[in-house]
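Please read the numbered points with the model in view.

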Amino acid sequence: MNSDHIIGKSVPRKEGRDKVTGKSEYVDDMVLPNMLFGATVRSQIPRGHIRKITFGPGVAWDEFVIVSAKDIPGKNCIALIGDDQPCLATDVVNHPEEPILLLAHPDRYLLPKAVQAVSIEYHPLPGVFSIEESERRTEIVWGKDNIFKTYMIEKGDVHGIWAKADYIVEGEYSTGAQEQLYIENNGMIAAFDAAQGITVWGSLQCPYYIHKALMALCNLPAEKVRVVQMETGGAFGGKEEYPSMIAAHAALLAIKAGRPVKIIYDRLEDMAATTKRHPSRTRHRTAVSRDGKILGGEIDFTIDGGAYLTLSPVVLSRGAIHAGGPYYWPSVRIRAQAVATNAPPHGAFRGFGAPQSLFAMERHMDHIAHTVGLSPIEIRRRNFLQPGQATTTEQVVREPIDLGKLLDRALQVSEYHSKKQRFSGENQSGDVRKGMGIAAFLHGAGFTGSGERYLNSVVGVEGCADGNVRVLVSSTEFGQGTKTVLSQIAAEALGLPYENVSTAQPDTLEVPNSGPTVASRTVMVVGKLVQSAALGIAQTLIASGQLHEGYSPDEFRTACQQHVATHGQFRCWSRYEAPSGIFWDDEKYRGEAYAAFAWAVYIAEVTVDLTTYSVSVDDFVALQEVGKVLHPVLARGQIIGGVAQGIGFSLYEKVIWQNGRMQNGQMTNYIMPTSSDLPPIRVFFEELGNVHGAYGAKGIGELPMDGPAPAIVNAVEDALGVRFDSVPLLPEDIMDGLNKSGLAASSPQNNASSVGGDR
Amino acid sequence: MTDPRQSQAKSGISFTVNGEPREVRAYPMERLLDVLRHQLELTGAKEGCGEGECGSCAVLMDGALVNSCLVPVLQAEGASIVTIEGLAAGEQLHGLQEAFLECGGAQCGICTPGMILAACHLLNGKSDPTLEEIREGLSGNLCRCTGYSQILEAVQEAAQRRKSA
Ligand code: FES
Ligand code: FES
């Protein structure tokens, strides 16, 4: 076999050349003969009955293909977890921008005017626009009680702890909605033909989600629905579930028109109508001993799910499981709920509930530190989970993780102590205040609990006629490097050069269902399956006598060519099997929540300008343990990119809502960081190795989203001595906080001595 | 997308694209971006926002970096335009393209054409920019994937190599 390891090397990205030369084909670059362009007529109000639809004057309506719910061959819903979300509203609408009608025309320039010319009369109903309003239940907007889902995680006896506590520390924390803001807007093309059924090509993460949704909607068998992923210009979770809606719309228009139809959203439509990160509210009440040990506590975690169920139960689950952070809780009760409001459904976004609950946990840790009179370092050190201890779901930590060591290294590389000392002097005067903030956290890789077992993923590896190898997965590339890393894994397993391995374009006609490309599961779970399917190829060739152990790449090529020539198509499959000894109780929410956790300590250094109230991040250290790093350049890129989004989440990105509608749906008024807004983001990896993943790799994609918000807000508090418990934290919030700081300085939790002092 | 035909009739417009003379018939107010993508089938320039904010539609026009979503095609009459498709010399990648590949400057790739052209424009004006100058020079191009670090490194790398070549 080839002795050069491919794992751990930064090989060239498979599709990189096409990306830097502009040759990559994204959905809007694709043109089909006779293609029409589609557009969506959407609800102008948050909630109400549709009374009447009028097609106004000045438009040649007979030239348009018009689709309403009546044209749906199957069930009018976007099948996902529940079937509550209609594809097209019929008599009621439950959020602004809810799709009602579809239009298509050969001339794309005529569509905006036509959409405007459709007028809809409503009988409006009162809407619900916040978690608090939803909880009040004055209006019931979903189900019987506005509640999509609840979970309860219980460990030990929380009742008994309050009497034993030396301190009881309480806090309420909140996070806002965040737009994924992939630079490529959503888009789909659909074509229909009675014999072949429906085909869609699009910008998407999960081909088989769309496959399932289109089967139900079009009432077609599996083989008559085909979903093809085009090059996808960023997703971050934002193209996990909503593409099913757009594919459904394009499909309905294509069926009615008998011609292909392309729907491409513009930025405003994409921002206003598609999903965002769930806004959240977390309440902590924690019993702490004199020496700073957590004795137990209660955590109430609530997310705003928007108008339909979509993925909220799963986001809620991940948020709830991460709510206790990387700490040991002798006892805890975590109550989690997802509530309904009349906003467009909130959805998947990198981190998936964990950035919300971990923001709360890590802010709360600093408050506990202040209350007890320990430093943010010491409070964490005394409570870190140790190998052998159990998490809040009673998952025993089996990995030899040493969080104290991670913290030490992060403190050292960030020069934490010397900077703190310097700032305590400098902060006495001048127009700026500087501070340092820490966040320690964990992120579970793969689906939660029994999720991977239900997914039952399948992966194929093909030995091709030319002797090369092709990986067959529905796992998609949208920037992370899926194609590259899965090819590395197959090449390593077979001892072949990286160049001899490629991945098939995700096309449900060609590739098996390797599960959705979400939850940091691709490398760890799918990668492992690729490894074993690849080994299957070698074993088959060896068993048939065409190849011997210790073969060279050339011998492999010849054997593979011969095998295909004699036996035809040569494919090996591998199906997910749960590792043994894994226990999960879906009822009690107890057991092994994840096959592996990644662990991290992030440290932010900030400057707050006392004149403009703006915060700049001057340095950012991101230190993590993610198992084996398979591709250093890609891995570092994932971390930096995630941290950048986390900085946006903390300091820049605010969705302004009015009655459930986003008011700032443009890049001019929804502000994400530019190259001149970001600090050097310094990335460090520790490698422990994990038995579950391919070559010891764990998930990496979502982790970096969890740490920046708490690290930065902790640093702002360190700089100013004023407490802030929400993100995004904008200059106006800082101004408000400082104006109240006369008050704040005398309150025990916002102790003036915290300004720059080494706590 | 407003209808560009409301104003005037189509007319012939000629310009040079990636070194080749081209002639199109277009409405004067049609966006250069649409003419490049739809008529000339140069789909490397992308539409991220349509309002001059993201830079994913950036091209070079007479050496200047422009957001082609804001340029009425009429303004391009007689101009020399370079798009991402015109950067490599056949199979030989431009130094910036190579550096982007190696340093991880392209993740999803949607911002990459505009980003590389912006970097090209920067290096044409200044062969040895500081990190701050690169940050500043690329601040009109948004990238949601990379957090920019590896893009900045790619530009530094390309500048270095050009100097030592
Ligand atoms: S599309 Fe032209 S700047 Fe965004
Ligand atoms: S690489 Fe995806 S937006 Fe820049």
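1. In this predicted model, the centres of domain 1 of chain A and domain 2 of chain A, taken over C-alpha atoms, lie 35 Å apart. The two domains do meet: 18 residues of domain 1 of chain A are in contact with 19 residues of domain 2 of chain A.

2. The domain assignment of chain A gives each domain as two segments of the sequence. Domain 1 comprises 16–24 and 457–575, domain 2 comprises 31–125 and 181–273, and domain 3 comprises 280–447 and 590–755.

3. As to secondary structure, chain A holds 20 helices and 28 strands. Of the contacts in chain A between residues at least 6 apart in sequence, 82% link residues at least 24 apart.

4. The overall dimensions deserve a remark. Because a compact globule of 759 residues would have a radius of gyration near 27 Å, the value of 27 Å for chain A agrees with that expectation. Along the principal axes, the C-alpha atoms of chain A occupy a box of roughly 75 × 75 × 50 Å.

5. Regarding burial and surface, 65% of the 759 residues in chain A are buried, that is, under 20% relative accessible area. The accessible surface of chain A amounts to about 25600 Å², and carbon and sulfur atoms account for 51% of this surface.

6. Chain A carries 70 positive and 84 negative charges.

Methods. Residues are numbered from 1 along each chain as its sequence is written. Chains are lettered from A and ligands numbered from 1 in the order in which they are written. This is a predicted model: local features need pLDDT of at least 70, side-chain atom pairs count only at pLDDT 80 or more; totals for chains, interfaces and linings use all residues. Side-chain values use heavy atoms; hydrogens and water are left out. Helices (H or I, at least four residues) and strands (E, at least two) are DSSP runs, numbered from the N terminus. The radius of gyration is taken over C-alpha atoms; the globule rule is 2.2 Å times the number of residues to the power 0.38. Buried means under 20% relative accessible area, exposed over 50%, partly exposed in between (1.4 Å probe, protein chains only). Contact means heavy atoms within 4.5 Å. Accessible areas come from the Shrake-Rupley method with a 1.4 Å probe; for residues, only the protein chains shown count as cover. Lys and Arg count as positive and Asp and Glu as negative; His and the chain ends are not counted. The place of a charge is taken as NZ of Lys, CZ of Arg, CG of Asp or CD of Glu. Domain bounds come from an automatic or database domain assignment.
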